[in-house]
Amino acid sequence: MASYDLILRGGTVVLPWGETRADVAVRAGKIATIGDLRTAEAGEVIDCTGLHVLPGLIDPHVHLRDPGDPAVETMGTGTKGAVLGGLTAVFDMPNTQPSITSAEQLGWKRGHIRETAYCDVGMYVGGARSNVGELGTLEREPNVCAIKVFAGSSTGDLMIEDDETLERVMRNGGRRIAYHSEDEYRLQARKPMFAQGGPHKLHAEWRDVECAFLGTRRLMALARKTNRPAHILHVSTAEELEYMKDFRDVGTVEVLLNHLTQWAPDAYDALGGYAVMNPPIRDRRHYEAAWAAVADGTVDTVGSDHAPHSKAAKERPWPATAAGLTGVQTIVPLMLNHVSEGRLSLSRLAELMGAGPARVYGAIGKGRIAAGYDADFTVVDMGKTRAIEADWLVSPCGWSPFIGTRCQGWPVMTVLRGRAVMREDEVIGTPGGEPVRFEGTRAA
């Protein structure tokens, strides 16, 4: 008789080839087999009758602000929010204080993840003017998901806005680069057009469609010229989504939960500064284009761009309002609600937040339920309706643009490498996250 460490029994399992009622068995932190395992034994058996078992979902775009300001977010609080929200891995951005731009800083962060993270974590390394010549080496450092380049909307050394330096970045190394794509020259040229203290909806006029579309056109021209794969983050316009269809040889696309859930001017009217993010929330034409791109396969990944700030920073008069919204704890319930409302299937959700991020970034053993993969699972109750409430959130910044939003579908258990780390709103045990491994990198 077969014996395993864990069996998830009787759930509807979301497999790469469709949904099926099955048991999933785990041995030594890996998926051992899938099927009818009624006669098998295990050290732990969890009844998943009436529930859906998804591959461990990944948020490939978060800013956990560590090192930085612990009053806003930390690796510990951010990853605790992640597992409470049903995520098994997050990929963390490099624009911290200081920025993560060297092998030494990556080494510190790797150790910090092992000490404090509740889920697994991949690390971006920042592309900066000071390290352009080292990027080919840095992208191969253990646990690096990608180089991140801010081609607009950043400050100091992490900003690389000119084509000459961007091309140098692309010619150093070979792995996919992730880009914040807004044209910095257009941003700065348009800034004097807007007065201090104007309505928050002007954010989308300042950072207009052409600002994003021009940035993406420039980046994709350079990507094709250098034959360097590019992942355009938080694509927010109908124009970009249509354009990217002609660049599948070198380009992949991320869309944010926010651009699939909010639109202008309603979001700004309801939330004020708590709707301000870069690139901005746009009108319904772009919202509808984002969903069309999810449906036709243009979109490869969905992320939250979790970017907490203090309430004081969010409440400064526009355009001094801090740009960035929270989302690591709320992305899964909100995406499940979109499933319940018929905008996508659970299988497509598993692709966008599981297999898609694993494919785009080369995450090893992540993103699908298949024998030999890490035993990461997001277990959800699609019949459960619940509102996002402030007292459920753990981020010390203390706010979310989605407080009060009702969701049908809710994560009820998070399993990380064969160990339940969250059940019914309870985080179980001490931090047990590990740095994610990626293809094309050295072993740690």
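Modeller: A salt bridge is a side-chain nitrogen of Lys or Arg within 4 Å of a carboxyl oxygen of Asp or Glu. Please bear in mind that this is a predicted model. R359 and E351 form such a salt bridge, with N and O 3.7 Å apart.

Biologist: Are the two partners, R359 and E351, buried or exposed, or partly exposed?

Modeller: The term buried is kept for residues under 20% relative accessible area, and exposed for those over 50%, with partly exposed in between. R359 is partly exposed because its relative accessibility is 47%. E351 is also partly exposed, with a relative accessible area of 28%.

Biologist: How many salt bridges does the structure hold?

Modeller: There are 31 salt bridges in the structure. One of them joins R228 to E139, whose closest N and O atoms are 2.8 Å apart. This pair links distant parts of the chain, as its residues are 89 apart. R228 is in the loop between helix 7 and strand 11, and E139 is in the loop between helix 3 and strand 9.

Biologist: Why do R228 and E139 count as buried?

Modeller: The cut-off is again a relative accessible area under 20%. R228 counts as buried because its relative accessible area is 2%. E139 counts as buried because its relative accessibility is 4%.

Biologist: Which residues are linked in a network of salt bridges?

Modeller: The network of salt bridges links K30, D120, K366, D374, D376 and R417.

Biologist: Let us turn to helices. Which residues of helix 4 are buried?

Modeller: Helix 4 covers residues 163–170, and its buried residues are T165, L166, E167, V169 and M170. E167 counts as buried because its relative accessibility is 17%. The side chain of E167 also meets that of R171 in a salt bridge, at 3.0 Å from N to O.

Biologist: What do the buried residues of helix 4 pack against?

Modeller: Packing is read from contacts, that is, heavy atoms within 4.5 Å. The buried residues of helix 4 pack against helix 3, strand 9, strand 10 and helix 7.

Biologist: What caps the N-terminal end of helix 10?

Modeller: At the N-terminal end of helix 10 the cap is D283, with a side-chain oxygen 3.0 Å from the backbone nitrogen of R285. Helix 10 itself has 13 residues, 284–296, and reaches 18 Å from its first C-alpha to its last, close to the 18 Å expected. Beyond helix 10 stands G297, whose phi is positive, near 90°.

Biologist: Which residues of helix 10 are buried, and what do the buried residues of helix 10 pack against?

Modeller: H286, Y287, A289, A290, W291, A293 and V294 are buried in helix 10. The buried residues of helix 10 pack against helix 7, helix 8, strand 12, helix 12 and helix 13.

Biologist: Finally, which domains does the domain assignment give?

Modeller: The assignment gives domain 1, made of 4–53, 371–383 and 405–427, and domain 2, made of 57–361. The centres of domain 1 and domain 2, taken over C-alpha atoms, are 30 Å apart. Their contact takes 24 residues from domain 1 and 21 residues from domain 2.

Notes:
Residues numbered from 1 in each chain as written. Predicted model: local features only at pLDDT ≥ 70, side-chain atom pairs only at ≥ 80, totals over all residues. Heavy atoms only, no water. Buried < 20%, exposed > 50% of the residue type's maximum accessible area, 1.4 Å probe, protein only. Helix = DSSP H or I, 4+ residues; strand = E, 2+ residues; numbered from the N terminus. Expected span 1.5 Å × (residues − 1). Polar contact = N/O pair within 3.5 Å; in protein donor to acceptor, adjacent residues only side chain to side chain. Domains from an automatic or database assignment.
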